[in-house]
Amino acid sequence: MAAPAHLMELIAQDGGGVAIPAGNINWDVPFPRALELARRTGAHVLAALPIEPVILGELAKRRGLDPARDLAVDTLFLGGAALPPSLQRRLARTWDARVIELYGSTETMLLGTSCGRGTLHLETDLAYCELLPAGAGPEARLVVTTIGLEGSPLVRFDTGDLVRPCPPCACGDARPGVVVLGREAEAVELDGRRLFPHDLAEAGSAAAEALDSAVFFVVVLDDRLLVRVETGPAPTDDPQRAAADRLLGVRVEVEPLPPGMLLDVDGLSRSPRVYKPIVVADWRRGGRRVLTIDEGLVEWPRPTWAEGRRWLGRTIKTAVRRRRLGRRALPPVRDR
Ligand SMILES: [Zn+2]
C-alpha cells in the first residue's frame, strides 16, 4: 500500500486535511489501536486493503460499536487486492460509506479509480494503457507507459495483472473500464477453467454475503474449491448456490463456520509489548520479573482461561479439518 498511502497523504494535504498512517505489519498500530484512532480523530476516509475494513468492522461490533453509526468514516478507498462487487456492497452497508476502488502499484502509482457506478476506469491521463491479448478469452494483459511520473518513468511496463474490459460505463466517463482479475501467476486451473484471484474472492464474498457475513477464506484443493465462511446473525440465502453461481462448472464446497473460527477478534486485540534489550533485571523494584534476555525483549499478553479455552478449541478443530482435507485431497493410490 505504499503508493496509495503516499497518494492519501498528498490528497489530504491538498484539501487541508491530515493523513494518519496506521498499519499492523509490525505491531506498531494493531487493529484495535487503528480503530480507536479512527473513532477518536473522527476520520472521514479509510484507505486500506479490502480485508482491513472487514477486520475493523468485526472488531468494532465486538466492542459494541456500529461502524455506520459510531464512526465518522464516509468513504473507503480500497485497493491492493481483489475487491469483488459483493464485498463492495457489503462494506458500503456495514460502514454506510462510499466504496472507491483504487488500482495501481508502487512502480506505476495510480492506474485506476472506480466511479459512482462501480466501474474501475483507467487513469489514461497518468498512463498510456495497452490491453494485450492473453489467451483465448476476453482477458487482457495490462501494459502501461507512464505519462505522469517524473522520477522513474516506465515504458511499456508489464504490470503482471490480467484485466477484463468492461462495456462503456453509464456514468458518462469515456475512459475505458476494466475489472482487475489479479496476477496472471496467481491464476488457478480447476475443472478446465482458469480462475483468477478476483473470481475466488467473489465466490467467497458471495457465499459470506448469503450467510450475512463478510468473513471468508478460500482454499484451493486438488479436486475443488473449499470456501470457508463465518455465519452471521441473519443468513438470507443458500451460500453453496451463491458461490457456485459465481464459478459455473467448478466444484465448490462451502463450509459454514461459527463466528470467530476464521477471524479471532479477541486475539487481534492482544499484541505483545516490545522493550529495549536488557541484561540486568532488578526484581526489588517491582514490576516485571525478567529472567531471560527474550523475556526482557517481548512480553506476550496472557490469555484468560476463557480465551485460552476458545483458542484451544479453535486450534484443534482447524487442525482436524486440515488433516481430513489433506487425506481427502490425495487421489487413490491406483490412479497415481
Ligand atoms: Zn463509470
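This is a predicted model: local features need pLDDT of at least 70, side-chain atom pairs count only at pLDDT 80 or more; totals for chains, interfaces and linings use all residues.

Analyst: Let's start with the geometry: the 4 donor atoms around the zinc ion subtend angles of 104 to 117°, which makes the arrangement tetrahedral. For four donors, that label requires all angles to lie between 85 and 135 degrees.

Residues are numbered from 1 along each chain as its sequence is written, and side-chain values use heavy atoms, with hydrogens and water left out.

So who holds the metal? The zinc ion is coordinated by C115 (SG), H121 (NE2), C169 (SG) and C171 (SG), at 2.1 to 2.3 Å. Donors here are N, O and S atoms within 2.8 Å of the metal (3.2 Å for Na, K and Ca), and water is not among the atoms, so sites may look incomplete. Along the chain, the donors follow the spacing C-x5-H-x47-C-x1-C. Strands and helices are DSSP runs numbered from the N terminus (E, at least two residues, for strands; H or I, at least four, for helices). Both C115 and C169 are buried, meaning under 20% relative accessible area; exposed is over 50%, and partly exposed is in between (1.4 Å probe, protein chains only).

The side chains of D161 and R183 meet at 3.7 Å, N to O; a salt bridge is a side-chain nitrogen of Lys or Arg within 4 Å of a carboxyl oxygen of Asp or Glu. D161 sits in strand 8 and R183 in strand 9, 22 residues apart. D161 counts as buried at 8% relative accessibility, whereas R183, at 39%, counts as partly exposed.

That's one of 29 salt bridges found in the whole structure. Another joins R90 and D212, with the closest N and O atoms 3.1 Å apart. This pair spans 122 residues, from helix 5 to the loop between helix 6 (197–210) and strand 12 (216–220). R90 counts as buried, at 10% relative accessibility.

Helix 5 (residues 85–95) also carries L91, which counts as buried at 2% relative accessibility. Leaving aside residues up to four places away in sequence, L91 touches P50, P53, V54, L76, L78, D96 and V99. Touching, or contact, means heavy atoms within 4.5 Å.

One more salt bridge to look at: R321 and E253 meet at 3.2 Å, N to O. R321 is in helix 10 and E253 in strand 14 (residues 252–257), 68 residues apart. R321 counts as buried at 15% relative accessibility, while E253 is partly exposed at 21%. Salt bridges with shared partners join D223, R224, R228, E253, E255 and R321 into one network.

Helix 10 (residues 305–329) also holds I316, which is partly exposed, with a relative accessible area of 47%.

Notes. Four donors count as tetrahedral if all angles lie between 85 and 135 degrees; four count as square planar and six as octahedral if opposite donors are over 155 degrees apart and all others between 65 and 115; anything else is irregular.
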